[in-house]
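Student: I would like a close look at one part of this model, the place where the two chains meet. Please set it in the context of the rest of the structure.

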Amino acid sequence: MKRLFPILAVLTALMLVYAVYQALVVAPTERTMGDVQRIFYYHVPSAWTAFLLFLVNLVASVVYLVKRNPKVDALAMVSAEVGVVFCTVVLVTGPIWARPVWGIWWTWDVRLTSTLVLWLIYVSYLLLRRFSDSAQAPALAAVLAIFGALDIPLVYFSIWFFRTQHPQPVIGGGGSIDPRMWRVLLINWMAFLCFALLMCWSRYRLETMRREVEEAQALESLLGDDRGSSAEIRNPKVALNRSGP
Amino acid sequence: MNSIKFLYSAYAATWSIHLLYIGSLLRRYRRLKQELNELKQK
């Protein structure tokens, strides 16, 4: 597995370079928006990747609540964290694209607002994981993740049910694009998916390592206390010295 | 010309976000490795 990671990392880097070339050079220029439309090849795949990772988080959270498996809990946390990174890309590239096309950086329409709410929900999830020491934190976070996932269909289908600035969705909506654009979009999505997978893999290894270190530290402090107590029993002066002035 | 500026800004922002995240992963990895080495020494 250790050898596989660098090979996959190199392949993913090559795919990402190829995807940038496709997006900036090969994809046809859109008639009304011009070159700025090429933001589409980063904005949309990032959104799809974020949705997919949040769905993984949902499934892992449900499985965790049923089986209480710490590995599944780690997967839930990792997918939420990497999902937030991709959702941040969506929220940053969106306004940069909107400014020259709509003339505004941001508008409080349903698609944009629900995406911001989705990001806030998963940031709250990560903060809960980060700052709660309670043994119940993973279960509480799993419940929050299930409620958070309810926002995903709202984000995707908001364009169908409400009047918004945003164009129709590319998949399952009224929108249609040039087949050459489709090809470039899929190449970029594949590259970003591989990149997300690598980030999840690294983060999962890191999380496993963090849990091992925490367990070792807890064991060490327990053993330390035991050693201290034994010393106090054998020699009461140790206890006096430990209590200090 | 103006739209090109927005295009490059979006691509630069995307990679800045990803690189910041990778940097944070590396920092956390180094810190954990150091903690692990300290535990091994004890």
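Tutor: A helix here is a DSSP run of H or I at least four residues long, a strand is a run of E of at least two, and both are numbered from the N terminus. On that basis chain A has 8 helices and 0 strands, and its pattern along the sequence reads α-α-α-α-α-α-α-α. Chain B comes to 1 helix and 0 strands. This is a predicted model, with an ipTM of 0.93 and a pTM of 0.88.

Start with chain B. Its C-alpha atoms fill a box of roughly 60 × 10 × 5 Å along the principal axes. Of its 42 residues, 12% are buried. In chain A, buried residues make up 33% of the 245 residues.

Now the meeting place itself. On one side are 24 residues of chain A, in contact with 21 residues of chain B. Helix H3 (70-102) and helix H7 (179-234) are the elements of chain A that give two or more residues to this side. Sorted by class, the chain A side holds 13 nonpolar, 5 polar and 6 charged residues.

The part to look at closely is the pairing of H3(A) with H1(B). Two packed helices are described by the angle between their axes and the distance between those axes. For H3(A) and H1(B), the axes come within 9 Å and cross at roughly 170°. An angle over 145 degrees counts as roughly antiparallel, and H3(A) and H1(B) are therefore roughly antiparallel to each other. From H3(A), the residues that take part are Val85(A), Thr88(A), Val89(A), Val92(A), Thr93(A), Ile96(A), Trp97(A), Arg99(A) and Pro100(A). They meet residues of H1(B) that include Asn2(B), Phe6(B), Ala10(B), Ile17(B) and Tyr21(B). The residues of this contact divide into 11 nonpolar, 7 polar and 1 charged.

Ala80(A) lies in helix H3 of chain A. The cut-off for a buried residue is 20 or more other C-beta atoms within 10 Å; Ala80(A) has 27 of them, so Ala80(A) is buried. Not counting residues up to four places away in sequence, Ala80(A) touches Asn57(A), Tyr122(A), Tyr125(A), Leu126(A) and Ala145(A). Sequence separation and distance in space are separate matters. Ala80(A) and Thr107(A) are 27 residues apart in sequence and 26 Å apart in space, C-alpha to C-alpha. The C-alpha atoms of Tyr21(A) and Asn188(A) are 167 residues apart along the chain, and their separation is 9.9 Å. Over chain A, 74% of the contacts between residues at least 6 apart in sequence join residues at least 24 apart.

Arg68(A) has its place in the loop between H2 and H3 of chain A. Most residues other than glycine have a negative phi. Phi of Arg68(A) is near 55°, a positive value in a residue other than glycine. Arg68(A) has 12 other C-beta atoms within 10 Å, so Arg68(A) is exposed.

Last, the confidence of the prediction. The mean pLDDT of chain A is 88, with 88% of its residues at 70 or more. Residues 236-245 of chain A have a pLDDT below 50, and beyond near neighbours in sequence this stretch has 4 contacts in the model. For chain B the mean pLDDT is 92, and 98% of its residues reach 70 or more.

Terms used. Residues numbered from 1 in each chain as written. Chains lettered and ligands numbered in written order. Predicted model: local features only at pLDDT ≥ 70, side-chain atom pairs only at ≥ 80, totals over all residues. Contact = placed C-beta atoms within 7 Å. Nonpolar A, V, L, I, M, F, W, Y, C, P; charged D, E, K, R; others polar. Axes fitted to C-alpha atoms, helices over the stretch in contact; angles between N-to-C directions. Parallel < 35°, antiparallel > 145°, perpendicular 65-115°, else oblique. pLDDT = per-residue confidence, 0-100.
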